[in-house]
Amino acid sequence: MPLLKLLKAFKIVLPLTLLTGCGFTMTKVEINEQTFVFAMYVNKGQQEDTVEVTISAPLPNRLTSGSQAGGQGGGDPYAMVTKTSSTVQDALHLIQRDLSRRFDFGHTKVVIVGKSYAEAGLEELTDWLQREPTTNLNIYIMVAPGDAKKVAELTPVFEQMPSEVLTRFADQHNMIVTNLKDCLYAESGNQGYALNYLSAGLKPMVADQEKLEPWAGIQGTALFRHHKLVATLPMKESLAVSWAVNEVKSPLYTVSWKEGEKASVLLITSSSKKSVRMVSGHPVFTVKLYGTGDVIYKQKQKQLDTLQVKGLIERELNDQIAGHLTKALRTSQRVGADILQLGMLVDWNYPDHWQKIGANWPEYYKNEVEIQVVTDIKVRNFGSVLKMNPK
């Protein structure tokens, strides 16, 4: 028994010894030999059949607690290196050859692809991402309107690095959120998917005496079919699509009706439900959006009964959102990109029918599918009670 107790005590003490001894030293050395890639920017190369890859990595010696956003005073707290080659892996190998530390993609949060590269196809990029052992499937993928590196030039006013700003775009769920896993899952089922479509340009900075600085934001969504960019959607339609996939949080809508009356509604809750039924041998889909909101602004040009105003706002709100989603889905059908992945519903509910049409789903979705949009959005309160009979 004493020997058994001694062995148990040894099992407990040994890990603690390693943590405070050689194990700690080894981890420290490994970190000092690594370059942690926070973001990647991928473009089509200037020469035919080439790809341009840019990595963005932090500079630990400049990431001090007292440094300002964007690296004021001590230079940017991050570095960017660009190389061009025939494949993504070859370009990264060229970058690695010029670095003093080894790559580590375990902290990569976002990959931005240029529009021309996205139109040519993301197959090579997604193949490399899933094969690289240090990457993870939760990497966000977004599309730049032109050169992906232009997005990296944005001024990180509230953060230290542009990659942090881009990651926040996804984390806040203001628009659709798509990661590598979503793209691979959609493609494996012969479905489409949508990515955030960014904007890039110059904007005056109030903190810098209105000096024009690079700025980036979200202008809509990019629709993909077989990993290729086939169309883009503007902001309003993109917001409806984000709602339909249960990604958006607290959207704001402004509606108007006759005589210049208008009101703004903040959606406190928003959810969606998709269903399918077979009609005359063809699938008919229903996409229903649910929501509850509060009126946070009401232009008081004419006083009406509270219930009457509530009914007007709800009617206009439901019509507007249903119209946006209907228009977005018509665009997706026109290009054969099933961005809501409705084909999965057919596979789950009618597997025999899916066996017949699954291999040619993009074309079937384009020509044979009917989609019905239903909305059920209620106004909860006005924030204050409207007067019934003003004096």
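Here is a walk through the salt bridges of this structure.

It's a predicted model, so local features need pLDDT of at least 70 and side-chain atom pairs count only at pLDDT 80 or more, while totals for chains, interfaces and linings use all residues. Residues are numbered from 1 along each chain as its sequence is written, and side-chain values use heavy atoms, with hydrogens and water left out.

Let's start with the count: there are 11 salt bridges, a salt bridge being a side-chain nitrogen of Lys or Arg within 4 Å of a carboxyl oxygen of Asp or Glu. Take Arg-225 and Glu-363, whose closest N and O atoms are 2.9 Å apart. Arg-225 sits in strand S9 (residues 211–225) and Glu-363 in helix H13 (residues 361–367), so this pair ties together parts that are 138 residues apart in sequence. Helices (H or I, at least four residues) and strands (E, at least two) are DSSP runs, numbered from the N terminus.

Now look at helix H10 (residues 306–334), where Lys-310 and Glu-314 lie four residues apart, about one turn of the helix. Their side chains meet in a salt bridge at 2.8 Å, N to O.
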